[in-house]
Amino acid sequence: MNKWKSKWKDLKNIRFQKAVRVDELSDKVLLLNLYATQVLILIIGVIMLLVQQTDLNTLLSFKPGWGILLWGGGLALLVVAADLIVTRFVPEDVMDDGGVNKRIFAQRPLWHIAVLCLVVSVCEELLFRGAIQHYLGPYWTSILFAAIHVRYLQHWLMTGLVFSISYGIGWIYVHTGSLWTAICAHFIIDFISGCILRYSKEE
């Protein structure tokens, strides 16, 4: 009995640490966390696709041809333009993500920005558009996509933008039938945004 009391007392004494702020993480840990998260997303996506017995030839079809670039690139440019407009007229704290994106891209060489954006776009689109959208459709998939971007949830405008971008990507995926369209759009959005953070001058 004393043994169980002792264990219960130990459990009551557990204290959870506060969430680690991004500025407390080293560059190496931040990158490691990003890549580890993407590997996990990729594994979950692949497992779901295997369970669904998805035809990868159809999913990763290049049949739309130039439509992949036209739809993907068109949506991406629309998103970036809208983001620049919103950023110009909305207070900075409303668009604040805790400095995560700036830490990821600001000091990164161009080739590494491209690699990061490619890894993120392939892994996330494989899971969300390739696997989850099969079950939930574009709307609920976009709700889930916005929800996992935890750092934006405290700002309704950022959450709304992430949802809208996700829904747009989901729509062009349905329209073209190729996951490459979604990957293309996601990559261009992230790459341009990363380059803006990397090469924009501090005020």
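**Figure 1. Surface and overall fold of the predicted chain.** The accessible surface of the protein chain comes to about 13200 Å², and 67% of that area belongs to carbon and sulfur atoms; accessible areas come from the Shrake-Rupley method with a 1.4 Å probe, and for residues only the protein chains shown count as cover. This is a predicted model, in which local features need pLDDT of at least 70 and side-chain atom pairs count only at pLDDT 80 or more, whereas totals for chains, interfaces and linings use all residues. Residues are numbered from 1 along each chain as its sequence is written, and side-chain values use heavy atoms, with hydrogens and water left out. The chain has eight helices and zero strands, helices (H or I, at least four residues) and strands (E, at least two) being DSSP runs numbered from the N terminus. Of the 203 residues, 37% count as buried, where buried means under 20% relative accessible area, exposed over 50%, and partly exposed in between (1.4 Å probe, protein chains only). Among contacts with a separation of 6 or more, 78% join residues 24 or more positions apart, a contact meaning heavy atoms within 4.5 Å.

**Figure 2. The largest nonpolar core.** A nonpolar core is a set of buried Ala, Val, Leu, Ile, Met, Phe, Trp, Tyr and Cys residues joined through side-chain atoms within 4.5 Å. The largest such core has 15 residues, of which L59, L75, I169 and L179 touch the most other members. Two or more residues each are given to this core by helix 4 (66-89), helix 6 (110-148), helix 7 (156-176) and helix 8 (179-199), and the largest share, five residues, comes from helix 8. A second, separate core of 10 residues includes L31, L34, F105 and C117. Not counting residues up to four places away in sequence, L179 touches L59, L60, E125, L126, R129, G130 and Y173.

Figure 3. The 21 residues of helix 8 should span 30 Å at 1.5 Å a residue, and its end C-alpha atoms are 30 Å apart, which agrees; the expected span is 1.5 Å times one less than the number of residues. The buried residues of helix 8 include L179, H186, D190 and C195, and what covers its buried residues includes helix 3 (56-59), helix 4, helix 5 (100-105), helix 6 and helix 7. Helix 4 and helix 8 pack at an angle of about 35°, with their axes 8 Å apart, the axes being lines fitted to C-alpha atoms, for helices over the stretch in contact, and angles running from 0 to 180 degrees between N-to-C directions. Their crossing is right-handed, a term used if the near helix is turned clockwise from the far one by less than a right angle. Among the residues that make the contact are W71, L75, V79 and L84 of helix 4 and W180, C184, I188 and I192 of helix 8.

**Figure 4. Helix 7 and the residue that follows it.** Helix 7 has 21 residues and reaches 30 Å from its first C-alpha to its last, close to the 30 Å expected at 1.5 Å a residue. Its buried residues, including M158, V162, I169 and Y173, pack against helix 3, helix 4, helix 6 and helix 8. I165, also in helix 7, counts as partly exposed because its relative accessibility is 24%. Leaving aside residues up to four places away in sequence, I165 touches V79 and I189, and its C-alpha is 8.9 Å from that of H186, 21 residues apart in sequence. Helix 7 is followed by G177, whose phi is positive, near 75°.

Figure 5. F62 lies in the loop between helix 3 and helix 4 and, at 59% relative accessibility, counts as exposed. Apart from its neighbours within four places in sequence, F62 is in contact with I68 and W180, and the C-alpha atoms of F62 and T176, 114 residues apart along the chain, are separated by 9.8 Å. A114 is found in helix 6, where its 23% relative accessibility makes it partly exposed; not counting residues up to four places away in sequence, A114 touches F187 and F191. A114 and I192 are 78 residues apart in sequence and 9.5 Å apart in space, C-alpha to C-alpha. Q53, in the loop between helix 2 (27-52) and helix 3, has a positive phi of about 55° although it is not a glycine, and its relative accessibility of 71% counts as exposed.
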